[in-house]
Amino acid sequence: GYADDFSTSDYRLLEVTDEFLLQMKDGVTIKGEKDEEAVLCTSNKTYSMKLAVTSNALLIAPESSVSVTVAACLGAQYEVAPIPPRFLRLRETLEESAYKGPKQPCEGISFETLSGKVQASDSELQSELVKLGAMKRNGKYQILSEEYKIYILDLVLTQAVASDWGTNLKIDLVAAANPEEDEEILHHILGLFAVDKMSPASTYTLDLRCVSMFRADQLLRDYAKDLLLFLTGGKTQPLTLQNIVKVATGGKQWRQQDFIESWKGHVPEGAPTTADLLSGIAVSSADKSDFVYLPAAEVIMLVDVPSRVRILFSVKPKWTAAEMEPYLKDLITPVMSLEQMLLRHSRILRTTEG
């Protein structure tokens, strides 16, 4: 028979795996704003929720050894599948409160607030905050503006050369040379560019590879901004992904040899300046004569493979798998490899170069 409170709308049915059931013991959260597809988050993973309509009625009844009482009747169920976390709102939120220096103090954001806004599990969110170089001050998270990081790095590298510090930077010397800067911020910035990323420490050994990559991104981004200014007739516009593609396809790019020479002049002595460090920052042009600025950090804000692939092929018609990997690797799952993505969304060409 049917229960007195029989319903066709009070229940939702989820089709899940045994692994998901185990994770549910720690609790699950549904996240999403009105303009977003809802996702389901456990403590360490993010899942999509796809509504699957069925032609057969699904009857919901409690277990009973005597008789069956139907509590609800449903015509659809949600299929749950693991997906990469979605971090666009995280970066937008953090950029609004980025630290720009001691003369422009601003408040950070609590983890609870970020967790409520970002479609990611708490574990994934914590890992992404580390990846973005966010710092925790007074219980709240904050990133540093690119301009401020560049300013401090320039300052410290200049002082290191002038004072013969080498690549081992003692925090007491750096802090003494920059009394107007917050020592906690200096610790954090030096930690970002150190071999051992942990801070605070008394001495930070510069990771020259990390410094080189940061400088390469800075130089190419500034070149792209100048080119965008030219293409827009002098109108200042933000360097969004759309404008990055506009620059990549509509102007004279930076000759590879010229860029390498400029790059060498902006890094400490002994720092590497090889093309492999540009993976995820820039790609070779179609004729392999120029470097085209295309930061993976912007492309991966697109949440699906087709959108990213369209962006890549709008920049140039042919790509190697190695070139595409930085722009797609975060979408790799146990059931979807990079090779499977490429086979599904592009056409494979065999060349004499392999």
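Modeller: Asn-138 sits in the loop between β7 (135-137) and β8 (140-142). The model is a predicted one, and in it the phi of Asn-138 is near 55°, a positive value in a residue other than glycine. Most residues other than glycine have a negative phi. The relative accessibility of Asn-138 is 78%, and Asn-138 counts as exposed because the cut-off for that class is over 50%.

Once its neighbours within four places in sequence are set aside, Glu-184 is in contact with Met-135, Lys-136 and Arg-137. Glu-184 and Met-135 are 49 residues apart in sequence, and their C-alpha atoms are 9.6 Å apart in space. Glu-184 belongs to helix α7. With a relative accessible area of 38%, Glu-184 is partly exposed.

Helix α7 (residues 183-192) packs with helix α5 (residues 146-162) at an angle of about 85°, and their axes are 11 Å apart. Angles of 65 to 115 degrees count as roughly perpendicular, and α5 and α7 are therefore roughly perpendicular to each other. On the α5 side, the residues involved are Tyr-148, Lys-149, Ile-152 and Val-156; on the α7 side, they are Ile-185, Leu-186, Ile-189, Leu-190 and Leu-192. By class, the residues of this contact of α5 with α7 are eight nonpolar, no polar and one charged.

Lys-288 lies in the loop between β12 and β13. Its relative accessibility is 53%, so Lys-288 counts as exposed.

Strands β12 and β13 are part of an open sheet of three strands, whose order is β11-β13-β12 and whose pairing is antiparallel. Strands β11 (254-255) and β12 (282-284) are the edges, each pairing on one side only. Helix α8 (residues 208-231) lies across β11, β12 and β13, and runs at about 80° to β13.

Strand β13 also takes part in the surroundings of another helix. In helix α12 (residues 305-315), the buried residues are Val-305, Ser-307, Arg-308, Val-309, Ile-311, Leu-312 and Val-315. These buried residues pack against β13 (290-293), and also against α9 (241-250), α11 (296-299), α13 (321-328) and α14 (338-345).

Two of those partners, α13 and α14, also pack with each other. Their axes come within 11 Å and cross at roughly 100°; α13 and α14 are therefore roughly perpendicular to each other. Helix α13 contributes Ala-321, Met-324, Glu-325 and Leu-328 to the contact, while α14 contributes Leu-338, Met-341 and Leu-342. The residues of this contact of α13 with α14 comprise six nonpolar, no polar and one charged.

Strand β5 (residues 46-60) pairs with β6 in the antiparallel sense over eleven bridges, and Val-53 stands opposite Ala-76 in β6. Strand β6 (residues 70-83) is also joined to strand β2 (residues 14-15), here by two bridges and in a parallel run. Leu-14 has Tyr-78 as its bridge partner in β6.

Some totals give the setting for these details. The secondary structure of the protein comes to 14 helices and 13 strands, and the C-alpha atoms fill a box of roughly 85 × 55 × 40 Å along the principal axes. Of the 354 residues, 43% count as buried. The accessible surface comes to about 20300 Å², and 53% of that area belongs to carbon and sulfur atoms. Among contacts between residues at least 6 apart in sequence, 60% join residues at least 24 apart; Glu-184 and Met-135, already described as in contact, are 49 residues apart in sequence.

Terms used:
Residues numbered from 1 in each chain as written. Predicted model: local features only at pLDDT ≥ 70, side-chain atom pairs only at ≥ 80, totals over all residues. Heavy atoms only, no water. Axes fitted to C-alpha atoms, helices over the stretch in contact; angles between N-to-C directions. Helix = DSSP H or I, 4+ residues; strand = E, 2+ residues; numbered from the N terminus. Parallel < 35°, antiparallel > 145°, perpendicular 65-115°, else oblique. Contact = heavy atoms within 4.5 Å. Nonpolar A, V, L, I, M, F, W, Y, C, P; charged D, E, K, R; others polar. Buried < 20%, exposed > 50% of the residue type's maximum accessible area, 1.4 Å probe, protein only. Pairing = 2+ DSSP bridges. Areas by Shrake-Rupley, 256 points an atom, 1.4 Å probe, with all protein chains shown as cover.
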